[in-house]
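Below are some reading notes for a student who is new to structure files. Please keep the sequence and the model open while going through the points.

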Amino acid sequence: MTVSTTDSAESAPPELVARCQAGDVDAFAELYSRYASRIFSLATRMSGSSQTGEDLLQEIFLQAYRKIASFKGDAALGTWLYRLALNHCLDFVRSRHARMDKVTDTIGDADFSRVPVARRDTPVERIDLERAVQQLPEGCREVFVLHDVEGYEHKEIAAMLGIAEGTSKSQVFKARMKLRALLT
């Protein structure tokens with residue numbers, strides 16, 4: 001997968017939006033290269049897998065292609081696309097929850113012996129952190145990514161996920177404790 005690092009939240013030029021809405025495939029390819037990196041990062045973190053993240057990325061941009069005509073310009077295109085991606089990821093996680101009927105693990109249930117730990121702030125340590133985040137139970141991972149990585153407030157997370165604000169806080173706390181255990 002090749003993506004550009006130019007994925008800022010700033011608005012795409014109006015002519016790019018107009019070309020996308022007119023069905024210009026090259027314009028949509030430019031849109032993809034502009035935002036794919038950030039969307040892929042979100043999808044990977046929310047799903048816990050880079051392979052699933054790639055699948056979600058493709059689904060999100062297919063959905064964006066189908067819905068671009070409905071973009072009104074009330075917000076920046078990057079904001080609209082990111083929100084579309086977040087909703088798609090949340091739908092994916094919820095449907096997976098329903099299929100698996102999985103309950104969030106308790107702190108003591110996880111196997112913390114599976115992840116090697118780096119000793120310095122290196123690329124290897126960052127990879128270890130990504131692996132550790134992927135090992136978090138889904139509920140903890142979702143809330144941790146939304147709060148600590150994406151910067152949403154607990155109140156916003158509660159509304160997005162349909163949970164209590166206290167549950168959001170508890171899940172972040174549990175996630176941080178498990179990450180500490182995994183990385184020490």
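1. What pLDDT does the chain average, and what share of the residues score at least 70? The chain averages a pLDDT of 79, and 77% of the residues score at least 70. Here pLDDT is the predictor's confidence in each residue, from 0 to 100.

2. This is a predicted model, in which local features need pLDDT of at least 70 and side-chain atom pairs count only at pLDDT 80 or more, while totals for chains, interfaces and linings use all residues. Residues are numbered from 1 along each chain as its sequence is written, and side-chain values use heavy atoms, with hydrogens and water left out.

3. Helices are DSSP runs (H or I, at least four residues), numbered from the N terminus. Over residues 1-9 the pLDDT is below 50, and this stretch has 23 contacts in the model beyond near neighbours in sequence. The pLDDT is also below 50 over residues 101-120, a stretch with 34 such contacts. Contact means heavy atoms within 4.5 Å.

4. Consider α6 (residues 138-149) and α8, whose axes come within 8 Å and cross at roughly 100°. The axes are lines fitted to C-alpha atoms over the stretch in contact, with angles from 0 to 180 degrees between N-to-C directions. Among the residues making the contact are Val-143 and Phe-144 of α6 and Val-172 and Leu-179 of α8. By class, this contact has six nonpolar, four polar and three charged residues. Ala, Val, Leu, Ile, Met, Phe, Trp, Tyr, Cys and Pro count as nonpolar, Asp, Glu, Lys and Arg as charged, and the others, Gly among them, as polar.

5. Helix α7 (residues 154-161) also meets α8 (residues 165-183): their axes come within 8 Å and cross at roughly 105°. These two helices are therefore roughly perpendicular to each other. On the α7 side the residues are His-154, Lys-155, Ile-157 and Ala-158, which meet Glu-165, Ser-168, Lys-169 and Val-172 in α8.

6. The structure holds four aromatic pairs (rings of Phe, Tyr and Trp, its six-membered ring, with centres within 6.5 Å). The ring centres of Phe-28 and Tyr-65 are 5.1 Å apart and the planes are at 85°, so this pair is edge-to-face (planes over 60 degrees apart; under 30 is stacked and the rest tilted). Phe-28 is in helix α2 and Tyr-65 in helix α3, 37 residues apart.

Terms used: Angles under 35 degrees count as roughly parallel, over 145 as roughly antiparallel, 65 to 115 as roughly perpendicular and the rest as oblique.
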